[in-house]
Amino acid sequence: MKKNLQTAFSTRQYMLSKDFEIYYYNDTVLPNVATHSHTYYEFYFFLEGEINLYIDGIPHRVRPGDFLLIPPGASHYPSFLSPDLPYRRFVLWLSKGYCERLTQASTDYIYLMQLVTTAKRHVFSTDAIAFNAIQSMIFQLIEETKSTRFGKEAKVSLDVNSLILYLNRLVYEQNHQNRGDSSLPLYLGICDYISAHLDEELSLDKLAQEFYVSKFHISHAFKDNMGISLHQYILKKRLSACRDAILCGEPVSRIFEQYGFHDYSSFFRAFKKEYGVSPKELRDMYLNGTLLST
């Protein structure tokens with residue numbers, strides 16, 4: 001990860017901004033954090049380490065790939081189980097006022113906030129593909145906050161809103177994955193299935209078996225509604241997942257197999273055609289700070 005995106009740890013527990021703040025922490029000397037609470041929402045994304053996070057006196061064992069939402073007024077603190085391990089995490093602070101403005105735009109933005117308040121559920125798990133997407137969104141957000149590019153304020157706001165909506169959609173779909181799926185149009189059901197199974201076989205035969213319809217019907221339903229073939233859509237989704245993984249520091253040498261490519265040469269050609277650079281060139285551009293956020 002690029003070191004210039006990191007923030008030196010501070011014990012400050014109040015916001016300097018009236019809307020939101022985002023931080024990437026990577027500590028090798030673990031700080032002693034006392035029990036505290038906030039007047040704002042804290043989204044906490046756990047990357048590395050071994051800790052229990054206590055919220056209102058209840059310990060939550062968190063693992064890499066988990067994220068937590070801590071509401072205003074909830075007391076919390078981390079307890080380190082292996083002090084020798086690095087402690088890496090993202091922290092996003094979101095003011096109540098900003099959440100209220102999001103609610104006016106759409107209540108879809110606050111599904112998570114309502115879930116935490118009513119169900120007292122704080123910890124949410126993700127798979128590797130989803131968490132790589134989250135990391136990529138956060139790193140691009142942090143890069144934008146440090147930039148001086150035209151439209152910075154508008155882009156930062158868009159990035160924050162996109163991240164919040166992504167998290168809400170992710171948890172909502174986890175909680176409703178077995179409810180009402182039959183009412184979805186076929187192509188939307190296929191899109192959801194593809195997103196959740198990028199690391200598995202996604203042949204037309206497999207999808208036809210999964211959705212109990214003919215291959216011909218799937219091909220036409222997808223092309224008519226998405227404007228591209230099923231194969232093109234799967235390829236784009238897999239390449240996007242690979243790009244996220246590269247920007248999150250995963251080795252290029254194992255990414256292509258992890259996301260459904262059978263050999264490196266076909267992955268290399270497809271990636272360069274899609275993004276104009278090779279996987280290793282993209283990684284080097286990102287590490288050198290020459291990659292513009294998209």
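The predicted model contains an open sheet of five strands in the order β1-β7-β2-β5-β8, with antiparallel pairing. Strands are DSSP runs of E with at least two residues, helices are runs of H or I with at least four, and both are numbered from the N terminus. Two strands pair if DSSP finds at least two bridges between them. The edge strands, β1 (20-27) and β8 (123-124), each pair on one side only. Seven bridges join β2 (residues 41-48) to β7 (residues 87-94) in the antiparallel sense. Arg 88 in β7 is the bridge partner of Glu 48.

Contact means heavy atoms within 4.5 Å. Axes are lines fitted to C-alpha atoms, for helices over the stretch in contact, and angles run from 0 to 180 degrees between N-to-C directions.

Elsewhere, helix α10 (residues 264-275) packs against helix α11 (residues 279-287) at about 55 degrees, with the axes 9 Å apart. That angle makes α10 oblique to α11; angles under 35 degrees count as roughly parallel, over 145 as roughly antiparallel, 65 to 115 as roughly perpendicular and the rest as oblique. On the α10 side the contact includes Tyr 264 and Phe 267, and on the α11 side Pro 279 and Leu 282.

Residues are numbered from 1 along each chain as its sequence is written. Local features need pLDDT of at least 70 and side-chain atom pairs count only at pLDDT 80 or more, while totals for chains, interfaces and linings use all residues, and side-chain values use heavy atoms, with hydrogens and water left out.
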